[in-house]
Amino acid sequence: MVLMYHRIAEPTSDIWEIAVSPAHFEAQLQILKRVGTVVPLRELAEGVKNKRLKNNHIAITFDDGYADNYLTAKPILEKHGLPATFFVSTGNIGKEKEFWWDELERLLLYSAVLPAKLEIKVGNTLVSGALEEEVELSGDSEKTHQKWNACLETPPTGRAHLFFQLWQALKPLPYPQQEASLQIIREWAGNTAPYSRPDFISMSTQQLRELASHELFDIGAHTVNHPALAYHPKTHQEQEIAQNKKDLQKLTGQTIDLLAYPYGNFNEGTVKVAEGLEFKAAVTTETQVITKDSDPYRLGRVQVPNWAPEQFKFQLKKAWGLVN
Ligand SMILES: [Zn+2]
């Protein structure tokens, strides 16, 4: 089984449920040590290829390259001597820049004041809406946004509805178009001064190098700009993955041969690109337990939300088939 984490942090807003608190993360690791054997993803992928897989083997992975992976996850993993693989999008490494989805969330859900109307063409989609009584962010709306789970719940406010429409329109676009649309949204929101929340930025090059040189940790590819690959032609997919691999190899001095598809979005062409670029394995975001018959370029993962120890144990046993 491969576990998927993104952030070890306690942000005030986490609409995609990708942050696990440091205390819960440590408790989860202690449980993993009891119920199975935590191995590097590389080893588990080799087990799939050789058809020699132990079903209590668990691999820990992180996506995106948030700075908290280095600052918070690394010391906890070290304390327990557990290996992990970090899939890193290199576009924001060493830059004080938030990912587009985080910035969009900040602008739409948390700006104190927004204009009453929005009408903007994002790619081929016209996104329009009126905020009416939500122009000023009320304390109640702010709390509602902080509690919103965008994976499971429909947008609870007008601002959240507009946010979600923009998010859907931005996700399939190539990076330059995303950035151009985001600039129009920044101008609309009256928020063009360069600003990034320090706890939402990616690792520095030094942090990434240090992580890579540690014997417990592996670095994997996750594209340069985190595109939803299946929406793009094969040449663009190849460019995003090859450049990311090259940049990571240069930064770390290591061979990068594990890949995670951003958003778990990929198609047949992506798998061909991964094989052509000599990746040994690639992971998706589909909830599947790995067996010896799994496809090494479509290895499923289980996303771990901010579960308390009891919930985590319950999921491991009942849903994922790992029995204590
Ligand atoms: Zn990602």
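I began with the zinc ion, whose donors are spaced D-x157-H-x3-H along the chain; donors here are N, O and S atoms within 2.8 Å of the metal (3.2 Å for Na, K and Ca), and water is not among the atoms, so sites may look incomplete. The pair Asp64 and His226 links distant parts of the chain, 162 residues apart. I found Asp64 in strand β5 (residues 57-64) and His226 in the loop between β9 (217-221) and α9 (234-252). Helices (H or I, at least four residues) and strands (E, at least two) are DSSP runs, numbered from the N terminus.

A note on the source: this is a predicted model, where local features need pLDDT of at least 70 and side-chain atom pairs count only at pLDDT 80 or more, while totals for chains, interfaces and linings use all residues. Residues are numbered from 1 along each chain as its sequence is written, and side-chain values use heavy atoms, with hydrogens and water left out.

Next I looked up the coordinating atoms. Asp64 (OD), His222 (NE2) and His226 (NE2) coordinate the zinc ion at 2.0 to 2.2 Å.

Are Asp64 and His226 buried or exposed? Both are buried, where buried means under 20% relative accessible area, exposed over 50%, and partly exposed in between (1.4 Å probe, protein chains only). For Asp64 I noted a relative accessible area of 3%.

Then I turned to the backbone. Most residues other than glycine have a negative phi. Asp64 has a positive phi, near 95°. Glu278 also is not a glycine, and its phi is positive at about 60°. I located Glu278 in the loop between α10 (268-276) and β11 (281-283). Glu278 is exposed, with a relative accessible area of 64%.
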